[in-house]
Amino acid sequence: MIRHCVFIRFRPEISSEEKAVIFGEIAALKARLPGFMAAHIGSNVSPEEGMDKGFAEGFIVDFTDAAARDAYLEDEEHRKTGAKIVAAAEGGIAGIFVYDLEIAG
């Protein structure tokens, strides 16, 4: 299994409604992409103040394997939503942190 973690430092003027649209688009991909197992979306709730380095919101997507993750990365709808994330992030790409973990089953 691949756990695809994406954390975002949103620009201050991005509304909660705009964030909800972006996150909704990510979650909606599950219905069309084989191997997309689950999406977990939310804000950082860690009591470790400042440790998030401003990446206060994000999502984690679980995929059955690397091939399913790769298909998601190449998907046209994912690319459109990814462009919205870049546009909404503070500093563009600099405001996004992505980390993939391989989880042994």
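F10 and F23 are both buried. The model they belong to is predicted. A search of the whole structure gives eight aromatic pairs, and F10 with F23 is one of the pairs described below, together with F36 and Y72.

**F10 and F23**

- The ring centres of F10 and F23 lie 6.0 Å apart, with the ring planes at 80°.
- Planes over 60 degrees apart count as edge-to-face, so the F10 and F23 pair is classed as edge-to-face.
- F10 sits in the loop between β1 (2–8) and α1 (16–28), while F23 belongs to helix α1.

**F36 and Y72**

- For F36 and Y72 the distance between ring centres is 6.1 Å and the angle between planes is 70°, so this pair is also edge-to-face.
- F36 is part of strand β2 (residues 36–43), and Y72 is part of helix α2 (residues 66–74).
- Because F36 and Y72 come from these two elements, their pair ties together parts that are 36 residues apart in sequence.
- F36 and Y72 are both buried.

- One aromatic cluster is formed by F7, F55, F97 and Y99.
- A charged residue, R9, is placed over the face of F55, a member of that cluster.
- The distance from R9 to the ring centre of F55 is 4.1 Å.

**D62**

- D62 lies in strand β3 (residues 57–63).
- The side chains of D62 and R3 make a polar contact at 2.7 Å.
- With neighbours within four places in sequence left aside, the contacts of D62 are M1, I2, R3, G35, F36, M37, A38 and H40.
- F36, which is listed among these contacts of D62, is the strand β2 residue that pairs with Y72.

**E17**

- Between E17 and A38 the C-alpha to C-alpha distance is 22 Å, and the two are 21 residues apart in sequence.
- A38 is also one of the residues in contact with D62.

Methods:
Residues numbered from 1 in each chain as written. Heavy atoms only, no water. Phe/Tyr/Trp six-rings, centres within 6.5 Å; stacked < 30°, edge-to-face > 60°. Helix = DSSP H or I, 4+ residues; strand = E, 2+ residues; numbered from the N terminus. Buried < 20%, exposed > 50% of the residue type's maximum accessible area, 1.4 Å probe, protein only. Lys NZ or Arg CZ within 6 Å of the ring centre and 35° of its normal. Polar contact = N/O pair within 3.5 Å; in protein donor to acceptor, adjacent residues only side chain to side chain. Contact = heavy atoms within 4.5 Å.
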